[in-house]
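Subject: Structure handover

Hi,

Here is the structure for you to look at. Please open it first, then read my notes below.

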Amino acid sequence: MAKKKPTRTKPRRLKGFRDIDAGDVLARDRMVATIRKVYERYGYGPLETPALEYVDCLGKFLPEADQPDAGIFAFLDEDDVWVALRYDLTAPLSRYVAMNPDLPRPFRRYQVGPVYRVEKPGPGRFREFYQFDFDSVGTNAMLADAECCMVMCDALEALGIERGDYAVRLNDRKVLNGVLETIGGGKELDASIGQNVLRTIDKLDRVGIDGVKQLLGGGRKDESGDFKAGCQLSASQIEVVIGYLSAVGETRADLCDVLEKLVGASEVGREGVDELRQIDVALTGAGYCDDRVTIDPTVVRGLAYYTGPVFEGVLTFSVVDDAGVAREFGSVFGGGRYDDLVKRFTGQEVPATGASIGVDRLLAALKTLGKIDTSPTMAAVLVTRLDKTLNTEYQKMVAELRAADINAELYIGNQAIAKQFKYASDTGKTVGIVAGSDEMEAGEVSIKDLRLGVELSKEIGADRKQWLEQQPAQFTAKRGGLVESVKEVLGRYGV
RNA sequence: GCCGGUGUAGCUCAGUUGGUUAGAGCACCUGCCUGUGGAGCAGGGGGUCGCAGGUUCGAAUCUUGCCGCCGGUACCA
């Protein structure tokens, strides 16, 4: 008879979710700390809201279907009410503002945390990911939007990304809408067609200008032979859109002049251009010129809730993708003005504007640039336990080191000394301390430079015995000089 | 969601036209070496061949369905 198999639980992880190891957590914390300082320098303060919200407050409840929108993680709570994990930090912010009408306005806050979406995971794309937002609620002044652009610039520069390696690109949804009005012949274009046109413009960087032309018209067949139906615009309408997308100007102000002509008689269009002009003036006044912030008619930023200016921070240096093609790293910041978000709670217009960092993407960028420390270990010193009857003494040693603000770990496993050194090595320690009866009698400790040791070990030949006797990376110190000696070794590596 | 690829040990992969007990390298563990990380040598653990069904005397291999992963596409607050 076959042995009965124990039923074991298979370790599994939810699709699109990640375990984040020490190096990445620490790197992310360092990055977040740097950005937080920039936000605070502008006067933004922190806010935390819960990960779970009532679905209707997130604005994703479908009353007809009597259930939440697909695309969010939702469940019925114990009272049979739909509850969901937040899918961004902006919806909770508007809920918070609506619940706290006495907040001084403009209300300015930053928030960092994980958000959740039920989407197909892809490269660099997860179902749980971090966002880091800052927003100003309660002002319709374009100064606020201009400031968002400045904050993005400052944050990227604070992270060590050099001017020229990034750009903030600015546009205005009202200008986009003005163009749609124009091709509608003065009348409002059918909403779904308008959406489709915006979606198509959003694809510009992937399908190119010719692809956009095809998608605006009859449709497009891609490399795989897949056919995608187009927006069915007329040739003259397409021309207007393409003309708009190709608009250029020497400066932001020049481009505004060009855009003004393109939107023609459209009132929203003119309004949008006027907003861009105000932002330009504010930015120029603050010294943020065209080398950092440009107006880019191709920026759409999804179909979201944006009502006015939209902007994105992109990294312009190129990276080689998996296919071996060099391409721009892409967008790491995105944001814009959303004037209608609080209204659904209070009925009052509460103008707001802000931006959000894709934390994971930006972190990936910093890693490829080598601009972030990803060293995983927190510990610097391992005190080994050669002789288990000396535990008290070992504990004194780590206590002394810790009191001197040195990260010190006492080996708490049960392995022999050889394994202890391997452990020290595997966990990235810089210094190993050994003290057996020999040392104790002499009032000494042995201190080993583990990093030097690993270098020297490369030269060991067959003569292991001699190597062991000499221990060139090791020296003895007076027991009383423990802290000082450890500091000396750590100092060699700037730890 | 749709299209394509793929799934064998912790990792990277072999596994010939279906045929004994499924292999290698790396990693891991033990010993040589009970006071020192590497190398070497010797040994060891670890796989219901993604899951379920079908064909067959016999399936990792052929077949169907499902799932996961990777890539593209759609969507993207």
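Start with the RNA. Of the 46 residues around RNA strand B, the nearest are K120, R125, S425, E439 and Q474. A residue counts as near a strand if one of its heavy atoms lies within 4 Å of it. Sugar and phosphate make up 42% of the atoms of RNA strand B that come within 4 Å of the protein.

Before going on, some ground rules. This is a predicted model, where local features need pLDDT of at least 70 and side-chain atom pairs count only at pLDDT 80 or more, while totals for chains, interfaces and linings use all residues. Residues are numbered from 1 along each chain as its sequence is written, chains are lettered from A and ligands numbered from 1 in the order in which they are written, and side-chain values use heavy atoms, with hydrogens and water left out.

Now some atom pairs at the RNA. R199 has a polar side-chain atom 3.0 Å from a phosphate oxygen of RNA strand B. For K422, a side-chain N or O atom is 3.4 Å from a phosphate oxygen of RNA strand B. Q471 places a polar side-chain atom 2.9 Å from a sugar or linking oxygen of RNA strand B. Several elements give two or more residues to the surface near RNA strand B, including α15 (437–442) and β19 (444–449). Helices (H or I, at least four residues) and strands (E, at least two) are DSSP runs, numbered from the N terminus. The top contributor is α14, with 6 residues.

Next, salt bridges. Side chains of opposite charge can pair when their charged atoms come close. The count is 29 salt bridges. Each is a side-chain nitrogen of Lys or Arg within 4 Å of a carboxyl oxygen of Asp or Glu.

E157 has two partners to check. R163 pairs with E157, with the closest N and O atoms 3.0 Å apart. R292 also forms a salt bridge with E157, at 3.4 Å. R292 is buried, at 6% relative accessible area. Buried means under 20%, exposed over 50%, and partly exposed in between (1.4 Å probe, protein chains only). E157 is partly exposed, at 26%.

One more pair: E312 and R301, with the closest N and O atoms 2.9 Å apart. E312 lies in strand β13 and R301 in the loop between β12 and β13, so the pair ties together parts 11 residues apart in sequence.

Best wishes

Terms used:
Polar contact = N/O pair within 3.5 Å; in protein donor to acceptor, adjacent residues only side chain to side chain.
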